[in-house]
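Please look over the sequence and the model below. A short report follows, arranged by topic.

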Amino acid sequence: MLAGRRIVLGVTGGIAAYKAAYLARRLVEAGAEVRSILTEAGSEFLGPQTLAAITGNPPIGSYFGEPDVSPHTNLARWADAIVIAPATTATIARLAGGISNDVLVGTVLAAQVPVVVAPAMHTEMWEHPSTRRNITTLEADGYVIVGPDAGALAGGDSGPGRLVEPEVIVAALDAALTGDLDGWSVVVSAGGTREAIDPVRYIGNRSSGKMGNAIATAAARRGATVTLVTSAAPPDERGIDVIPVESAQEMADAVWTAAKKADVAVMAAAVADFRPRDPGTAKLRRADGAPEIELEPTPDILAGVAAMEPRPFLIGFAAEAGSLDGAIAKATSKGVDLLVGNDVSRAGSGFGTDTNEVTVIEPDGTADSWPVMSKHEVADRLWDRIIEMRRQKGSL
Ligand code: PMT
């Protein structure tokens, strides 16, 4: 898959820069055309002549003093993908902040191609809150973060922070260019529905849409055709067909239509179970006293998809507070292929947060608890799991 692809290799200033020479060699052997950017600090660890000899092109080190008057924009246009290995804390911070005062970050910002970042640093620097924040930002921005590994580090230290092996970076680059959901049609629901009480007021919930947006974004970035049915603000992402809705009924109509031609349906929305039976056509007046609002059930969207024949591979979510027993019961009774339970009473999990702590449960009750991670990481791991399950079922 790398044959004929044009790859920009960014090398920044860390001891692991020596491995970048081997990475460049592997990329060239795989048939890629490679151009490199060697930062000033990177050149303290790896000679420009080494990269020039391996790739056939001298590395670019600066915006200035190059024959090309605009090296960053021209490289950005040329590239099919960019890989930064090793990526130091400083480069990661500049990428997260969009600080383009070096030609590498400038090239990345000017590019609209997959970017694979392979961090390498001491364990304390990798675990520092600022690095954690910056990595979360990069993931949310769509960068592919590969590694680091745990192992021997410079200066006799050992722990997480070691650059992953070049073969792993090549595989990540390959996957980023391939799109392992190529050809898939996917429908995702997101956000919380709003059930009208009168023209002004509604019954709603705390869903921000972040979980569903992350799932839709990850699917689009991995090559799927995505329909996102949402009551929340959608992500600014190419390749997602957004259907804005408000009520459970509108969401049901849109999801059921899209699900008929979808391979996979992921129902991450928080759908109201009940709605006012007879919403007022005029604003309810305080002077008229507290109203009695009679409720009726909303359509069960998930059940409607589960009953389709044939139906898409179906993933439900379950928001539970405290025990996940309810989620296990839903996994076995709702006709889904997989159920994602989240304990919304935990900090950093559930509604409105950038992170989530989920347990994925199969219909036979087999449960797999994942640690707290960004919603983008949950989304990518979920798609990995769906691919694996569809393969096992013989649907791929
Ligand atoms: O949007 P965020 O702020 O990022 O928050 C994410 C989330 C907490 C909303 C998400 O992770 C989540 O848990 N979504 C499901 C919430 C929910 O409504 O759970 P439930 O247990 O009530 O519903 C179970 C499943 O049935 C869900 O897939 C739901 O979409 C579906 N459902 C529910 C009611 C209904 N009338 N129709 C449905 O299809």
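## Ligand site

How many residues surround the ligand, and which are the closest? The count is 28, and the closest are Ser207, Ser208, Lys330, Asn342 and Gly352. A residue counts here if one of its heavy atoms lies within 4 Å of the molecule. The model is predicted: local features need pLDDT of at least 70, side-chain atom pairs count only at pLDDT 80 or more, and totals for chains, interfaces and linings use all residues. Residues are numbered from 1 along each chain as its sequence is written, and side-chain values use heavy atoms, with hydrogens and water left out.

Polar contacts are pairs of N or O atoms within 3.5 Å; within protein, one must be able to donate a hydrogen and the other to accept it, and residues adjacent in sequence count only if both atoms are side-chain atoms. Ala269 places a backbone N or O atom 2.7 Å from an oxygen atom of the ligand. A polar backbone atom of Ala319 lies 3.2 Å from a ligand oxygen atom. Thr298 uses its side chain: an N or O atom there is 3.2 Å from a nitrogen atom of the ligand. On its own the ligand has 770 Å² of accessible area, and the protein covers 95% of that. Accessible areas come from the Shrake-Rupley method with a 1.4 Å probe; for residues, only the protein chains shown count as cover.

## Helix 1

Helices (H or I, at least four residues) and strands (E, at least two) are DSSP runs, numbered from the N terminus. Helix 1 covers residues 17-29, which is 13 residues. The expected span of a helix is 1.5 Å times one less than its number of residues. Gly31 follows helix 1 and has a positive phi, near 95°. Most residues other than glycine have a negative phi.

Which residues of helix 1 are buried? They are Ala17, Lys19, Ala20, Ala21, Leu23, Ala24 and Leu27. Buried means under 20% relative accessible area, exposed over 50%, and partly exposed in between (1.4 Å probe, protein chains only). The cover over these residues includes strand 1 (6-11), strand 2 (33-38), helix 2 (48-55), strand 3 (81-87), strand 7 (158-162) and helix 8 (166-178).

Thr12 sits in the loop between strand 1 and helix 1. Thr12 has a relative accessible area of 1%, so it is buried. A polar atom of its side chain lies 2.6 Å from the backbone oxygen of Pro86. Contact means heavy atoms within 4.5 Å. Beyond four places in sequence, Thr12 is in contact with Ala17, Thr39, Gly42, Ile84, Pro86, Ala87, Thr88, Thr91 and Leu104.

Ser36 belongs to strand 2. Ser36 is buried because its relative accessible area is 2%. Not counting residues up to four places away, Ser36 touches Leu9, Leu51, Pro59 and Ile60.

## Glu195

Glu195 is part of strand 9 (residues 195-196). Is Glu195 buried or exposed? Its relative accessible area is 2%, so Glu195 is buried. The side chain of Glu195 reaches the backbone nitrogen of Ala248 at 2.8 Å.

Ser247 is 52 residues from Glu195 in sequence, yet their C-alpha atoms are 5.4 Å apart. Residues that Glu195 touches, beyond four places in sequence, include Arg201, Tyr202, Ile203, Ala272, Phe274 and Thr298.

## Aromatic pairs

The structure holds two aromatic pairs. Rings of Phe, Tyr and Trp (its six-membered ring) pair if their centres lie within 6.5 Å; planes under 30 degrees apart count as stacked, over 60 as edge-to-face and the rest as tilted. Tyr63 and Phe64 form a tilted pair, 5.8 Å centre to centre with 55° between the planes. Tyr63 counts as buried at 18% relative accessibility, whereas Phe64 counts as exposed at 65%.

Trp184 and Trp383 have ring centres 6.3 Å apart and planes at 75°, so the pair is edge-to-face. This pair links distant parts of the chain, 199 residues apart. Trp184 is in the loop between helix 8 and strand 8 (185-190), and Trp383 is in helix 13 (residues 375-393). Both Trp184 and Trp383 are buried.

## Cis peptide bonds

Most peptide bonds are trans. The bond from Gly147 to Pro148 is cis, with omega near 5°. Pro148 is in the loop between strand 5 (144-145) and strand 6 (149-152). Glu309 and Pro310 are also joined by a cis peptide bond, with omega about 0°. Pro310 lies in the loop between helix 11 (301-306) and strand 16 (313-320).
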